[in-house]
Amino acid sequence: MAAPALARCVARPGMLPFGQTWGRAARRPPGPPPAQRRAFSNNRVLVELDESAGVATMKFKSPPVNSLSLDFLTEFCISLEKLENDRACRGVILTSAVPKIFSSGLDITEMCGKSTEHYAEFWRAVQEMWLRLYSSNMVTVAAVNGSSPAGGCLIALTCDYRIMAENPKFSIGLNEAQLGIVAPFWFKDTFVNVVGHRVAERSLQLGSLHSAPEAHRIGLVDELVPEEKLKDRAMAVMQQWLALPDHARQLTKTMMRKAVLDRLVAHREEDVQNFISFISKESIQKSLRMYMEMLKKKKS
């Protein structure tokens, strides 16, 4: 399934980490686009583009918890690529269509009891998602309307701005250590760039999940708003960012993120092999099986 689809999701000229066109100026012509709304939907991602505003909304709709499966990651990349290629789109808001959850993170079933070939394909898809989103020319705003552990937190961290619903029951963080998994260096680099080294070090070692108020206090999210106002606030923030000339914003974003992006690009295959070696260990597989059993018991 995913191999042909993901192959279509390879980098094209102009994508920052792959085409090596760092510092590329805005590609969209001046002047407002015509007022129009367009929508397209895959099985797991719903996209609506408001051409009059130049803003798309990507809603994750992969119940029960929007886990980042190979299928989901493939659809995410394809949807993002469509928006990057659309001259009417200057920004994208990421949010969830599933109540109380933004994304639960990487799909554990993709990492347990599979072949090394599957692990490699899955991890390349995770890399692709991050590389595309972190290097996007568009303004990216995460409207976090539910809990967001692990890979879900990574998606939010990768965006330019994060707004979270003001609900103390929602949590967010890179909690991989709780599962006996080590967050990869590019997860760590993204986290450090947002919250600083000491906060990231402590949080990663403890596998911390932060409540919404705590996430705001440490700078993991930029602001909290009541859940019913999250959509409107995300659009208001988006308009603030889009008020700047695209080329100036894009060049600044490239300057700030280039070193982190370059590091994964230079070590991408090594990172895949490290993941395969780590996830294939019997001790890690045992931890994952125990975690899956715990989830099954909770459901029952």
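Me: Which residue stands opposite His 210 in E12?
Reply: Ile 172 stands opposite His 210. Please keep in mind that this is a predicted model.

Me: How many bridges join E11 to E12, and do the strands run parallel or antiparallel?
Reply: Two bridges join strand E11, residues 171-173, to E12, and the two strands run antiparallel.

Me: What is the strand order in that sheet?
Reply: The order is E6-E9-E11-E12. It is an open sheet of four strands, and the pairing is mixed.

Me: Which strands are at the edges?
Reply: Strand E6 (100-101) and strand E12 (210-211) are the edge strands. Each of them pairs on one side only.

Me: Which helix packs on the sheet, and which strands does it touch?
Reply: Helix H5, residues 151-158, packs there and touches strand E9 (146-149) and E11. The direction of H5 makes about 100 degrees with that of E9.

Me: What lies in the loop between E9 and H5?
Reply: Ala 150 has its place in that loop. Its phi is positive, about 50 degrees, although Ala 150 is not a glycine.

Me: Is Ala 150 buried or exposed?
Reply: Ala 150 has a relative accessible area of 13%. The cut-off for buried is under 20%, so Ala 150 counts as buried.

Me: How far is Ala 150 from Ala 177?
Reply: The two residues are 27 residues apart in sequence and 9.6 Å apart in space, taken from C-alpha to C-alpha. Ala 177 is found in the loop between E11 and H6.

Me: How accessible is Ala 177, and what is it in contact with?
Reply: Ala 177 is partly exposed, with 35% relative accessibility. Leaving aside neighbours within four places in sequence, Ala 177 is in contact with Leu 204, Gln 205 and Gly 207.

Me: Moving on to helices: at what angle do H6 and H10 cross?
Reply: Helix H6 (residues 185-195) and helix H10 (residues 246-266) cross at roughly 175 degrees, and their axes come within 10 Å. An angle over 145 degrees counts as roughly antiparallel, so H6 is roughly antiparallel to H10.

Me: Which residues make the contact?
Reply: From H6 the contact has Phe 185, Trp 186, Lys 188, Asp 189 and Asn 193. From H10 it has Val 260, Arg 263 and Leu 264.

Me: What classes are those residues?
Reply: Four residues in the contact of H6 with H10 are nonpolar, one is polar and three are charged.

Me: Another topic: which peptide bond is cis?
Reply: The bond from Pro 63 to Pro 64 is cis, and its omega is near 15 degrees. Pro 64 is placed in the loop between strand E3 (55-60) and strand E4 (67-68).

Me: What about Asn 66, where is it?
Reply: Asn 66 is also in the loop between E3 and E4. Its phi is near 55 degrees, which is a positive value in a residue other than glycine. Asn 66 has 0% relative accessibility and therefore counts as buried.

Terms used. Residues are numbered from 1 along each chain as its sequence is written. This is a predicted model: local features need pLDDT of at least 70, side-chain atom pairs count only at pLDDT 80 or more; totals for chains, interfaces and linings use all residues. Side-chain values use heavy atoms; hydrogens and water are left out. Axes are lines fitted to C-alpha atoms, for helices over the stretch in contact, and angles run from 0 to 180 degrees between N-to-C directions. Angles under 35 degrees count as roughly parallel, over 145 as roughly antiparallel, 65 to 115 as roughly perpendicular and the rest as oblique. Contact means heavy atoms within 4.5 Å. Ala, Val, Leu, Ile, Met, Phe, Trp, Tyr, Cys and Pro count as nonpolar, Asp, Glu, Lys and Arg as charged, and the others, Gly among them, as polar. Two strands pair if DSSP finds at least two bridges between them. Buried means under 20% relative accessible area, exposed over 50%, partly exposed in between (1.4 Å probe, protein chains only).
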